[in-house]
Amino acid sequence: MSVSTWDVDVIVMPKTGVNDPEGEAIRGGLKMLGYDSVAKVRAGRMIKLQIAATSSEEACAQASAMADKLLANPVIEVFEVEVVGLAKETAQR
Amino acid sequence: MTARAGVITFPGSNGDHDALYAYEHVVGIPTRLVDYRETNLDDLDLIILPGGFAYGDHLRCGAIARFAPVVAPLKAFAERGGPVLGICNGFQVLAEAHMLPGAMLRNKSLQFHCQWLHVRVESNHTVWTSNTNPGSVLRLPIANGEGAFFSDEETLNRLEANGQVIFRYCNADGAVDDASNVNGSARSIAGISNERGNVVGLMPHPERACEAFLGGDDGLKILRSALNAINVAV
């Protein structure tokens, strides 16, 4: 099977129940701007990876393992993995 | 033979020389800095992970430091019962390296807190609190932005039941209240130990409270405690 490069997004968020003072601060800022409609803000981070894999499933499995071991801390965070598609550079090659 | 202390310098550590000074010149035992790439710690009797910003605190505080070459021999040292103390960033590294449970969150205030405060000793059944009395109050400085200890309820209950919660933020009289918990730590926890009691992590800086002219010397009680556990003359 041929190996391609996949764009994979890993989204890391604070767990439900874990204090997120950063999200609270952003909500405060939005309120100052007059956005009273915002009931809740949670702030996390997105990590964009390019992964060599033979399939989208394999790229996803690799990213999940990486998130489990390093990108997220399971004590305080949860993560989601999304395979965006084949990386552009690979398509051109 | 004399006890020998080691202070690990990670890229980004900045409290390493404070700890070196405290052990070498105040506690008064031979002490050396340990480079993060070292793999042989056999000459050491106690090891300090100092404060600072190891690997720039990138990703999460302590998250990258756990892959430093020195961590494998550090774990082996701890498994043999060797005294290990993680101060501030060192505590974060111990948590990320799974040598202590829990994790540190951004302070609830979102501010970097640099101040003196009080902690109450909850247990002296650890290598690092054997010179203290339970219920006694220590005055120590903190300097952190991510110092709010967090763990799930089940782990917190287990830590409490095992006596692994060893320091709690309190007021000058030893009362644990919300105002004293400046980081917003779960159950006001300022420091914990592993089950065996030889590995301890705390957010306050005992090494910066080792002489009266620094503002206080309560930290010495912690730094000296470990010597009781080492079977060598000091």
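Predicted model: local features only at pLDDT ≥ 70, side-chain atom pairs only at ≥ 80, totals over all residues.
How many bridges pair β1(B) with β2(B), and is the pairing parallel or antiparallel? The two strands pair in the parallel sense, over five bridges.

Chain B has an open sheet of nine strands, ordered β2-β1-β3-β4-β11-β10-β9-β6-β7, and its pairing is mixed. At the edges of this sheet are β2 (31-35) and β7 (137-144) of chain B, each of which pairs on one side only. From one strand to the next, the twist averages 25 degrees.

## Strand β1 of chain B and its neighbours

Strand β1 of chain B covers residues 5-9. On one side, β1(B) is paired with β2(B) through the five parallel bridges, and B:A5 has B:T31 as its bridge partner in β2(B). The chain passes from β1(B) to β2(B) by way of helix α1 (residues 16-27) of chain B, and this β-α-β crossover is right-handed.

Strand β1(B) also runs parallel to strand β3 (residues 46-49) of chain B, to which three bridges join it. In this pairing, B:G6 is found opposite B:I47 of β3(B).

The residues of β1(B) point two ways: B:A5, B:V7 and B:T9 to one side, B:G6 and B:I8 to the other, and all are buried. Because five of the five residues of β1(B) are buried, the rest of the structure largely encloses this strand.

## Helix packing in chain B

Helix α1(B), which lies on the path between β1(B) and β2(B), packs with helix α5 (residues 219-229) of chain B at an angle of about 80 degrees, and the two axes are 11 Å apart. The angle makes α1(B) roughly perpendicular to α5(B).

Which residues meet where these helices pack? From α1(B) come B:A22, B:Y23, B:V26 and B:V27, and from α5(B) come B:L220, B:L223 and B:R224. Sorted by class, the contact between α1(B) and α5(B) has six nonpolar residues, no polar ones and one charged.

## The sheet of chain A

Chain A contains an open sheet of three strands in the order β2-β1-β3, and the pairing is antiparallel. The edge strands here are β2 (45-53) and β3 (77-86) of chain A, each pairing on one side only. Neighbouring strands in this sheet are turned against each other by 25 degrees on average, with direction ignored.

Within this sheet, strand β1 (residues 4-14) of chain A pairs with β3(A) in the antiparallel sense, over nine bridges. A:D9 stands across from A:E82, a residue of β3(A).

## Where the chains touch

How many residues of each chain take part in the contact between chain A and chain B? Nine residues of chain A are in contact with 13 residues of chain B. On the side of chain A that touches chain B, the largest share comes from helix α1 (residues 21-32) of chain A, with three residues. By class, this side of chain A has six nonpolar residues, two polar and one charged.

Conventions: Residues numbered from 1 in each chain as written. Chains lettered and ligands numbered in written order. Pairing = 2+ DSSP bridges. Helix = DSSP H or I, 4+ residues; strand = E, 2+ residues; numbered from the N terminus. Axes fitted to C-alpha atoms, helices over the stretch in contact; angles between N-to-C directions. Contact = placed C-beta atoms within 7 Å. Nonpolar A, V, L, I, M, F, W, Y, C, P; charged D, E, K, R; others polar. Buried ≥ 20, exposed ≤ 12 C-beta atoms within 10 Å, placed from the backbone. Right-handed = clockwise from strand over helix to strand, strands pointing away. Parallel < 35°, antiparallel > 145°, perpendicular 65-115°, else oblique.
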